[in-house]
Structures are given as C-alpha cells and as structure tokens.
Amino acid sequence: MKRALAFLLLATLLGGCTAIKNAFKGSNKENIEPPKVLTEFAPTVTVEKLWTTGVGKGARKTGVHLTPAYADGKLYAISTTGVLEALDATTGRTLWEKKDKKIAYAAGPTIGEGLLVVGTLDGTLFALNPADGSERWHAEVSSELISAPAVDGGMVVARSYDGRVYGFDAANGERKWIFDRNTVPLLSLRGNSAPLIREGVVITGGDNGKVVGLRLTDGVEVWEQVISTGEGRTEIERLQDVDGILQADAGVVYAAGYRGQITALAGNNGRPLWAHDLSSYSGVAISPAAVFANDVDSNIWSLDRNNGTSLWKQDVLGYRWLSPPAVQGDYIVVGDFDGYVHWLNLNDGKLAARVRLTKKPIDSVPLVVGNTVYVQASNGELGAYRIAK
C-alpha cells in the first residue's frame with residue numbers, strides 16, 4: 001500500500017509547484033509496486049471496434065483527464081494542445097474543428113442549455129455554439145480549470161483548481177456568485193471533482209475531504225459532509241482529496257475520498273446513509289443495484305447500493321493504475337496505464353473482454369452511450385467500441 005502510494009503521488013502531482021515536487025525527491029522506482037501481468041482468458045462477450053481517431057496530442061503531461069461529451073449523435077472532444085473537435089459519433093468523422101495552439105483546453109467539454117462549454121489551463125471558460133464552435137461568451141476565473149463544468153437550470157457552474165466554485169448565467173456569461181470557502185491544503189492530489197447539478201443543488205467534492213451542496217441560484221452552502229479525514233504529522237499523510245467522479249441518483253449522492261470512505265449521502269441535506277472504508281482518488285460508478293470503485297491499489301470493488309456491503313472484489317488488474325470505472329450494460333469498463341480497455345462482469349467481477357486502444361495511459365472515465373463506449377487516452381487517441389448483441 002505505501003509503495004503504491006509513492007507512485008500515485010508522483011503520478012498525480014504533475015504540474016504542481018516546485019515545493020511540492022521537492023517533497024518527493026527521495027522517492028525511487030524501487031518503491032513502485034509492479035503492475036500485475038495480464039493473463040489470457042476466454043472472453044464471454046464480443047466487443048467490436050467501431051472506429052479510432054486522434055484528437056490533438058491529448059492531455060500531454062498536464063495531469064488532467066479528458067473525456068468526450070455526447071449530444072444528438074455528435075461527440076465533442078478536446079486537447080491541451082489547442083484542439084476542439086466535433087465528430088460524428090457513429091463514424092468518427094470530423095464535423096468541425098477549432099485549432100489554436102495558444103489555448104490549452106483542459107476542462108469538459110460539457111453540453112447543455114444549447115451550449116458547448118469548455119475550460120482552459122489559464123482559467124478561461126468558453127461557452128460555444130455546438131453547431132459550429134463559434135463563441136457565445138467567455139469568462140475568466142482565478143485559476144486553472146481541469147474538471148468538467150456543469151450546465152443546468154440556466155446556469156454554468158465551474159470549479160477552479162484553487163477550490164473556488166463559480167456560477168455563471170448561461171445566457172450571457174454574467175457571473176452570479178462565487179463559493180470561496182473550500183480551503184485547499186498546502187499539498188493535494190492533481191485533480192478536481194467535477195460539479196453535479198441535481199434538483200437545484202450544486203454538489204462538489206473538495207481537497208479538504210468534504211462534499212458540499214450549494215444552492216444553484218446564489219451559491220449559498222446548504223450542506224456539507226466530511227468523507228475523508230487525512231491524519232498524520234506530514235502534509236502527505238494528511239492528503240484527503242475528494243477528487244473523483246461523484247454520482248447522484250434517486251435523491252442519493254455517492255462519493256469516494258482519498259484516505260477516506262465511499263459514502264452514500266442524502267441529496268437534500270448531506271446526511272450519511274452508509275459508508276464503507278475504501279481509499280479512492282478516481283470516484284464511483286453506479287448500477288441499479290451496486291456502487292463500483294477502484295481503490296488506490298487498482299482493486300475493483302462492488303458494493304451493495306442500499307447499504308454499502310461488499311459484494312465482490314477483483315484484484316487481477318492490481319497496480320495497473322486504472323481509469324475511473326463506467327457501467328456499460330451488464331459490464332464495468334476501465335482503462336489502464338498501458339492503453340488496454342477491460343470489460344468485467346457486473347455480477348461477479350470476472351474479466352469478460354479486453355482490447356488495446358494505444359500504448360499510452362487511459363486515465364479518464366469511459367463515456368457510455370447506449371451500447372457504445374468512447375474511450376480517450378492521454379495521447380489523444382479516441383476509440384469507440386460496441387458490445388455485440
């Protein structure tokens with residue numbers, strides 16, 4: 001566990017300040033737990049490759065995780081090398097493309113309210129026309145934008161890397177409010193939880209181990225809940241980020257924290273419904289019956305959605321630095337550090353299929369649309385796969 005932690009920190013603190021990087025000068029490769037070797041198995045489901053393409057040079061070494069967005073048969077994808085592209089989701093054919101090497105797209109894209117919204121590493125939020133990429137408005141925030149904005153209820157909500165959460169009028173980009181009480185500790189993992197909007201409440205995780213609910217109209221905090229409590233003498237021991245993917249369904253919020261728990265919270269007041277000790281930096285996925293998450297050693301867990309009881313644990317992909325999980329029909333989909341995409345059976349966690357998209361890491365959550373999953377790797381390679389009927 002501790003050896004895996006050293007690699008995790010080195011891998012996720014890319015782009016951090018010099019002081020943070022210097023904290024790890026004593027680490028070396030001998031302390032890195034080797035990834036488990038993939039073994040052959042008999043696939044139980046057939047996966048078809050529909051198409052692959054490249055979107056710029058991906059995230060490069062920025063440490064951000066890029067996932068495409070889907071709407072009305074179109075797929076939208078970005079690169080930190082200044083590429084924003086709309087593709088035909090069925091064929092992968094480019095419909096339109098914007099290129100500007102001076103713009104490092106790093107957050108989103110997100111579709112909603114008739115807008116295509118993306119954020120950049122220099123803290124600019126763009127709202128564009130999804131039909132052709134033309135600009136509707138833009139706004140500036142106080143730091144990098146590296147997590148997907150949320151769009152709903154006439155508002156665009158974005159979280160900046162310094163912990164502030166902003167609410168903008170979707171119609172014209174006017175800033176309506178700022179939430180500025182999400183204290184960021186001296187040391188934190190590279191990443192931010194993307195905000196969710198549910199029933200007039202903005203839900204987001206913080207680097208301080210908390211999940212908060214904010215009123216969409218004015219940004220006033222309506223509840224908060226601690227799910228990670230990093231403890232120890234050093235800043236490393238006190239890491240407690242809630243950086244991963246949140247889920248909300250049927251009035252319940254599901255979240256995971258580093259050095260914390262997977263927790264189910266009541267969506268209206270943040271009251272804990274159940275908690276299961278499990279340290280995760282990538283967040284959760286849900287099915288009607290279960291919650292799925294990877295722990296920091298890349299073990300995949302399935303928990304009963306009603307009470308958090310463990311249903312199964314799969315360790316065959318240990319230390320392969322998995323992407324956040326996604327649910328595709330009867331399967332869980334994850335990518336790994338070596339460009340493989342894995343499908344596991346929802347009911348027992350057994351491997352069901354495997355393909356290789358690229359030789360570069362896949363560290364962003366797969367996007368599932370119906371029976372098709374879209375996977376984007378860190379080098380910008382983007383692939384579409386369908387489970388055969």
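Contact here means heavy atoms within 4.5 Å. The model is predicted.

**Exercise 1.** Find what Ser298 touches beyond its neighbours within four places in sequence.

*Solution.* Ser298 is then in contact with Gln314, Leu317, Gly318, Tyr319, Arg320, Trp321 and Leu322. Now look for polar atoms. A polar atom of the Ser298 side chain lies 3.0 Å from the backbone nitrogen of Trp321.

**Exercise 2.** Identify the partners of strand 11 and the direction of each pairing.

*Solution.* Take strand 10 (residues 150-152). Three bridges join strand 10 to strand 11, and the two run antiparallel. Asp152 stands opposite Met155. Two residues separate these strands in their hairpin, where Gly153 has a positive phi near 60 degrees.

Turn to strand 12 (residues 165-169). Five bridges link strand 12 to strand 11, again antiparallel. Here Met155 stands opposite Asp169. This hairpin has five residues between its strands, and Gly163 takes a positive phi near 95 degrees.

**Exercise 3.** Work out which residues of strand 11 are buried on each face.

*Solution.* Count along residues 155-159: five of the five are buried. Met155, Val157 and Arg159 are buried on one side. Val156 and Ala158 are buried on the other. Both faces of strand 11 are covered.

Key:
Residues are numbered from 1 along each chain as its sequence is written. This is a predicted model: local features need pLDDT of at least 70, side-chain atom pairs count only at pLDDT 80 or more; totals for chains, interfaces and linings use all residues. Side-chain values use heavy atoms; hydrogens and water are left out. Buried means under 20% relative accessible area, exposed over 50%, partly exposed in between (1.4 Å probe, protein chains only). Helices (H or I, at least four residues) and strands (E, at least two) are DSSP runs, numbered from the N terminus. Two strands pair if DSSP finds at least two bridges between them. A polar contact is a pair of N or O atoms within 3.5 Å; within protein, one must be able to donate a hydrogen and the other to accept it, and residues adjacent in sequence count only if both atoms are side-chain atoms.
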